[in-house]
Amino acid sequence: AQAILAQVILCLFKCMLWKRPLSVEAMTPAKTVEVTPPDVLHAVSNEDVLRRAQWAARFPLLCFCEPGTEKEPCRTTRGVGHNGSLPYNVKFMWSYPILTWYALKYLKIGYMNKFYVDDYPNGSLGAIALFGVLSVLVDAFTDPAMARATDNCRNRLGRRRPFVLASAFFVPVVLILAWLPLVPAGLGASLWFGVFHIGYKLADTLFMIPMEAWGAQLTPDASERNVVWSYRLIFQSVGVLFGVGIIPVLFADESCLSSPADGCVQFPLFAFVFGIMHCLGCLTLFYYGKEPTLSQLEQLGGAKVVQDGFSASDTVPLLMSTAMNWPFRCLMVAQITKAVGVEVPMVVMPFLTGSYTGENCIASGQLFGYLVIIVLCATLLAMPFWKLLSNNIGVYRAVVVYEAAQAVTLLTFLSSGYDNGDCSATYTVMFCSVFWGLSNTGSYLIKDLACDSVDYDEFLTGGLRREANYLMALEFVPKFMNIPGECLPFLIMAYLGYAAPPNAQPDCVTDVNATSLNVLATSVDHFCHAFYSSELPGEDLCSYTRTCADVVSDGVNFVCLQAKGTNGQCGVKQNDSVMTLLIVCFAVVPAFFSLIGLAALWWYPKAARTSEGQQSLRRALDKIARGEVVEDPWRPGGWSVAAREAGPHAGLLSYFWSTELRHAVCSDAGAVNYSWLVLRPLLQVLMFASLSIPGFVIMVWSVHKLFQDEGASETPLGLMLVGISVVGVWFNGMRLWAAHEVQKQGVERHEFVDAFNVMCAFTGEARLSEERSGTTTVEKEPDMHPEIFGARREGPTELSEDNQEDTK
């Protein structure tokens with residue numbers, strides 16, 4: 001522990017005193033040369049110097065030898081000097097803002113919902129569910145836009161640094177003000193929560209997408225990249241540990257953790273401290289971090305980004321290209337299961353500790369903090385095991401083990417139940433949390449595999465680096481899964497009769513002389529029941545809008561919560577339906593999705609599952625940088641070359657799937673059937689638009705119930721349907737617009753063939769011939785320099801019988 005602490009302090013000083021590296025221009029070679037992996041970069045010849053300069057230009061934070069100088073050896077994870085590895089202080093400098101972000105994020109996730117519902121803001125469960133849906137819909141449009149903006153940013157500061165600078169100020173302001181509702185309770189506080197919850201999602205987009213994209217471009221070496229993502233998980237876990245565990249447990253008092261309607265000072269203060277730390281971390285990374293600009297990347301051999309009019313770098317084509325990336329499709333499903341398996345349980349956990357486990361052994365707020373500490377400590381302790389496992393059986397197999405372990409450990413929570421005072425149920429939950437934390441550690445390996453998919457995309461596109469687009473897409477679809485995760489549990493809880501803590505919570509007594517009741521309290525639970533049953537009109541013992549009799553009619557019991565106060569305090573025990581819902585949302589549903597992710601990994605490319613496959617991809621990328629013909633290392637028989645100059649309508653045609661392009665050119669000889677491009681987008685626009693009708697009906701019908709005390713309104717469900725409709729209409733509407741432009745401009749047949757052949761690298765289909773006349777012919781594949789990017793080298797290409805008939 002002392003050695004680790006000393007190393008951290010050393011890293012802090014190095015971050016503060018670290019010298020800025022040489023400029024990219026000074027290290028850029030005059031020509032594009034073959035790139036050698038960092039393990040063999042040793043200065044023995046002029047050619048090696050050029051190779052090292054090429055890597056230094058593309059990855060300026062790597063550390064290299066400088067013969068003849070007095071430069072001290074870099075401190076790297078390998079302990080072999082500076083041979084193109086990342087120094088410790090670089091990894092620390094990149095990871096530290098992630099720590100502070102997750103501290104702010106999970107302080108909000110862990111405590112803010114319950115604070116707005118149970119404390120003086122007196123917010124509505126229905127309103128929280130509504131704004132949870134609305135914020136995800138905002139994400140649906142801002143995430144792709146941010147990924148495109150940061151990947152294609154031509155700022156002189158680089159592609160990521162400007163956004164890191166902006167997030168240094170935006171993130172703290174939003175997440176501090178979210179804890180300070182400066183409006184009246186009820187409707188005003190619910191709206192305040194909604195505005196800043198959307199702001200929190202925007203802060204997530206502004207900070208995390210550029211940061212993760214920067215992490216993917218820190219180094220090209222697969223093993224070094226694995227270390228980078230393990231650093232990210234460690235710092236993320238520490239941030240969550242402090243944000244939702246250690247700091248609230250040690251310094252938050254009863255006014256913040258369990259006492260209703262009396263305000264909270266500590267949580268805004270915690271957010272302020274974490275916000276200042278986040279600002280300083282981002283400013284440090286902005287000042288000392290270095291990255292090549294987009295123009296410099298294009299000069300170093302990368303494909304040029306075209307952004308005029310309809311472009312392949314637009315949001316719709318980018319999302320389509322990620323969906324066509326074979327290994328990435330499998331990871332997308334696995335990432336969805338991670339979102340459901342980690343995010344949803346964390347959202348439900350504050351209610352689980354108070355309503356399902358009960359407060360007869362440990363108070364709800366304290367138990368929640370203890371569970372978070374247990375989970376995150378187990379996550380950190382398991383890091384060496386998962387590193388060793390991934391090194392011995394490979395990253396892919398380790399991800400398979402992670403998915404299976406996630407499902408099994410979540411199901412163990414079914415063995416717990418309501419604690420009646422003997423603490424057995426509470427200890428069972430703690431014990432299960434240990435195993436859940438041990439399995440959670442493997443989640444960082446999915447990001448490691450995603451970086452392999454980014455490299456594979458560079459191969460397929462002839463040199464484009466689109467880290468932000470892929471890492472955004474890896475979180476984009478899972479965020480849609482957070483709609484039911486953030487909406488349905490709260491909405492169903494309201495329907496099933498969830499009862500917030502009562503306004504009055506007297507100490508539990510059994511002495512009749514100590515009470516104002518005219519009945520003998522035979523037990524502490526009997527006393528609590530009698531106390532609330534004697535409520536007078538206007539006394540508001542349970543709620544400002546519902547009487548205690550209304551609460552009892554929902555199946556809620558009034559009991560003594562023995563862990564609160566000195567002798568216990570009166571509170572509520574939720575009905576059986578609410579308790580069952582909580583454990584199903586926490587354990588059963590996430591376990592089910594983990595099993596789905598496990599099944600999806602079965603289709604992951606076999607050639608990409610080993611370290612040998614990753615190295616072969618790296619060698620293929622080096623050859624593409626020289627413009628050579630390269631066989632697809634992960635799809636035998638496929639071929640790709642460096643991308644040639646795009647045609648005048650390549651951006652328009654990138655809005656269509658390969659099947660649509662093939663049908664358009666193979667339907668009639670000598671003519672393009674434009675109807676194939678219009679038909680499918682039009683039908684999908686009509687289908688998604690029809691979803692908005694029931695959505696609006698549901699919203700209008702139930703909006704009056706949204707801000708009632710129980711918040712049992714169907715408005716979030718209606719908004720969910722409307723949101724899906726809007727996203728679907730936008731996506732397919734853009735494709736329909738592109739189809740109209742294609743028909744209007746009369747795009748020629750040979751451009752369709754070019755666009756289809758470009759996609760063949762993604763889909764593995766046999767390419768079509770270049771056709772510039774009314775006759776379709778099938779060319780033999782050229783031996784060394786095929787003209788069409790994405791060509792397949794399998795001898796003469798044969799079309800299917802149907803296509804041959806169409807070709808005639």
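The structure is a predicted model. Two packed helices are described by the angle between their axes and the distance between the axes.

**Helices H4 and H7**

- Helix H4, residues 88-118, packs against helix H7, residues 187-216, at an angle of about 160 degrees, and their axes lie 11 Å apart.
- H4 is therefore roughly antiparallel to H7, as angles over 145 degrees count as roughly antiparallel.
- The crossing of H4 and H7 is left-handed.
- In the contact of H4 with H7 there are 17 nonpolar, 3 polar and 4 charged residues.

**Helices H8 and H15**

- The axes of helix H8, residues 222-251, and helix H15, residues 383-393, come within 12 Å and cross at roughly 160 degrees.
- H8 and H15 are therefore roughly antiparallel to each other.
- H8 crosses H15 in a right-handed sense.
- On the H8 side, Asn 226, Val 227, Ser 230, Leu 233 and Ile 234 meet Met 383, Lys 387 and Ser 390 of H15.
- By class, the contact of H8 with H15 comprises 4 nonpolar, 3 polar and 1 charged residues.

- Leu 582 belongs to helix H22, which spans residues 576-600.
- The relative accessibility of Leu 582 is 2%, so this residue counts as buried; the cut-off for buried is under 20%.
- Leaving aside residues up to four places away in sequence, Leu 582 touches Val 348, Phe 351, Leu 352, Ser 355, Tyr 356 and Met 493.
- Leu 582 and Leu 352 are 230 residues apart along the chain, and 6.1 Å separates their C-alpha atoms.

Key
Residues numbered from 1 in each chain as written. Predicted model: local features only at pLDDT ≥ 70, side-chain atom pairs only at ≥ 80, totals over all residues. Heavy atoms only, no water. Axes fitted to C-alpha atoms, helices over the stretch in contact; angles between N-to-C directions. Helix = DSSP H or I, 4+ residues; strand = E, 2+ residues; numbered from the N terminus. Parallel < 35°, antiparallel > 145°, perpendicular 65-115°, else oblique. Left-handed = near helix turned anticlockwise from the far one by under 90°. Contact = heavy atoms within 4.5 Å. Nonpolar A, V, L, I, M, F, W, Y, C, P; charged D, E, K, R; others polar. Buried < 20%, exposed > 50% of the residue type's maximum accessible area, 1.4 Å probe, protein only.
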